[in-house]
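Subject: Structure handover

Hello,

Here is the structure you are taking over. Please open it alongside this message and keep both in view while you read.

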Amino acid sequence: MELSKDQGTKGSGGKSLSVTRRDFVKAAAVVPAAGAFYFGYHALQGSPVKAGIVGTGNEGCEAMIKQSPPEFLEYVAFHDIRPTQIARARRKFNELYGPQQGEAVTFHESWESMLADPNIEAIVIATPLWTHAQFAIEAMKAGKHVMCEKLMAHNITDAKAMVRASEKYNKILSVGHQRHYSTLYDDAMETIRSGKLGDIRHIRAFWHRNNAQINPDGTIRDSWRPEIPEADQSVDASKYGYKDISELVRWRLYDRTGGGLMAELGSHQVDACSLFLAALAGADGHHEHVRPLAVNGMGGKWFYEDDRDCDDHIHCLFEFPNGQTVAFTSINTNAMAGYGEEVLGTRGSMTVMQERELAVFDENDPLKKKREAKKTEMTVDAAKPGEATMYSAASLGLPVEAAQKSTAKVSRGYKEELEHFAFCIRHPDPANQVRCDGLVALHDAVIALSANQAIRSGKRLEFQDAWFDPSSPETPDPKPNDMSLASGV
Ligand SMILES: NC(=O)c1ccc[n+]([C@@H]2O[C@H](COP(=O)([O-])OP(=O)(O)OC[C@H]3O[C@@H](n4cnc5c(N)ncnc54)[C@H](O)[C@@H]3O)[C@@H](O)[C@H]2O)c1
């Protein structure tokens, strides 16, 4: 959402918050070494961590490889099963490291061969949801640290097994909810802690897309149903547990392999709202949480008429303690709202949009009207794509020069999560803990996957403490998953 000058000044109460321009931290994320500044690490002081990656599709290539920090983490190996994505990874490595080093990154024909590679210290997992637990647990068992994409696992039984494996094999497990490494979200939490928003009873979170636009040939342009490239047609997908090549390429559409809108999109915002409510409660949000009490949900396959299992529209209402609620919607047929969170407090509102804009609005206070009118200020203006508009958080105390720089790209946190992961591997110390470890990710997985159960049953579902406890067998899982690994740990 790019706010015009008018929208910025109008906000919810017709005025901006009374902070001065000098206090603004505009695009603090671009301050050199911002990640280290915010997240408490420094240069690696040692050779980069040698890593392998499994799954070199969209997220693997565009985030985990392209945005990886070579001075912290160096890919030495990769594995995938689709020829197009293997070639894509090779191109990415060449771009990142130059042709000589790029060509030297070893391609492993099999997962087992990559696991056995003694050169690898850590494995990055960016494969479809249902495979995460198996890859993560086998990797940790083989002595590798793991950075696994979100959602942590396909079911809670598997997610708990991943946490236990991390403990049992004493390996770091970091899960890719990148908002834990976003300076924008850190700033949002700081804004909540500062009291500028007052007390908070409601957050509206949404991820709206239009995956229903029509191509010239009459087909629907659905990003979850991509074309199957010619070069991948010959892959024997059944060797890897898929029904066919379509299930491998379009895994998000099916219950066996994906977790629907809640797992793919909503889990990010469940994570964000957990951070916000933790900040309000005085918790750090990374290792201390606020648990929801219950969730109601509804959803359905209301637009598409194909073979998919997953809903195309969902609406969930989460109840938290103290009468706090979080409403989440995800729809596939209109993109106007985009994605983001609106945090609605007694004194102000905050919007965090598209992982790159943060704006704070004063709540209308008739008693203050006269005083405020004298110093109307502009706190929000339009950001170009990829640039930041971030106002607020004087409390961060960055130097004024930093506040005046600005306009480079805001990091969404992928680079920082990989940096910190590598840093924690090189500097083992109780003080150095990845921010989205297995327990944090289990918390997010329980909330997201329980919401799916609430949607399916049409009933209000109350969260049980035991669901969040990795040592307890209790879960909200509907039935043992036929593809679930979750044993032996
Ligand atoms: N953090 C984020 O913002 C974010 C964004 C997008 C995706 N993701 C997550 O990243 C993961 C991958 O998503 P994606 O969009 O890249 O999907 P994708 O389909 O583009 O890529 C998945 C890759 O895994 C490979 N693969 C599948 N099964 C395999 C197996 N058994 N062995 C080896 N390789 C296998 C596929 O060939 C493909 O290249 C998902 O968990 C997704 O939720 C996270």
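Below are the findings, going from the overall picture to single residues.

This is a predicted model, in which local features need pLDDT of at least 70 and side-chain atom pairs count only at pLDDT 80 or more, while totals for chains, interfaces and linings use all residues. Residues are numbered from 1 along each chain as its sequence is written, and side-chain values use heavy atoms, with hydrogens and water left out.

**Overall**

The protein has 15 helices and 15 strands. Helices (H or I, at least four residues) and strands (E, at least two) are DSSP runs, numbered from the N terminus. Of the 489 residues, 59% count as buried. Buried means under 20% relative accessible area, exposed means over 50%, and partly exposed is in between (1.4 Å probe, protein chains only). The accessible surface comes to about 20300 Å², and 51% of that belongs to carbon and sulfur atoms; such areas come from the Shrake-Rupley method with a 1.4 Å probe, and for residues only the protein chains shown count as cover. Among contacts (heavy atoms within 4.5 Å) with a separation of 6 or more, 73% are between residues 24 or more positions apart.

Strands of a sheet pair through backbone hydrogen bonds, either parallel or antiparallel. In this model, 6 strands form an open sheet with parallel pairing, in the order 3-2-1-4-5-6. Its edge strands are strand 3 (106–107) and strand 6 (173–175), each of which pairs on one side only. Two strands count as paired if DSSP finds at least two bridges between them. Strand 2 (residues 73–79) and strand 3 pair in the parallel sense over 2 bridges, and Ala 77 has Thr 106 in strand 3 as its bridge partner.

Helix 3 (residues 58–65) has Gly 60, Cys 61, Ala 63, Met 64 and Ile 65 as its buried residues. These pack against strand 1 (49–54), strand 2, helix 4 (83–97), strand 4 (122–125) and helix 14.

**Salt bridges**

Side chains of opposite charge can pair when their charged atoms come close. The whole structure holds 26 salt bridges, a salt bridge being a side-chain nitrogen of Lys or Arg within 4 Å of a carboxyl oxygen of Asp or Glu.

- Arg 252 and Glu 264 meet at 3.1 Å, N to O. The pair links distant parts of the chain, 12 residues apart: Arg 252 is in the loop between helix 10 and helix 11 (260–280), and Glu 264 is in helix 11. Arg 252 is partly exposed at 28% relative accessibility, whereas Glu 264 is buried at 7%.
- Arg 456 and Asp 255 meet at 3.6 Å, N to O. This pair spans 201 residues, from Asp 255 in the loop between helix 10 and helix 11 to Arg 456 in helix 15 (residues 438–457). Arg 456 counts as exposed at 52%, and Asp 255 as partly exposed at 34%.
- Glu 355 and Arg 412 have their closest N and O atoms 2.8 Å apart. They are 57 residues apart: Glu 355 is in the loop between strand 12 (348–353) and strand 13 (357–362), and Arg 412 is in the loop between helix 13 (400–404) and helix 14 (414–426). Glu 355 is buried at 2%, and Arg 412 is partly exposed at 33%.
- Asp 222, Arg 225, Asp 306, Asp 307 and Arg 308 are linked in a network of salt bridges.

**Cysteines**

A disulfide is a covalent bond between the sulfur atoms of two cysteines. The structure holds 0 disulfides, judged by cysteine sulfur atoms within 2.5 Å of each other. Cys 273 is buried, with a relative accessible area of 2%, and Cys 424 is buried with 2%.

**Backbone details**

Most residues other than glycine have a negative phi, and most peptide bonds are trans. A cis peptide bond, with omega about -20°, joins Lys 150 and Leu 151. Leu 151 is in the loop between strand 5 (145–148) and helix 8 (156–168).

Regards
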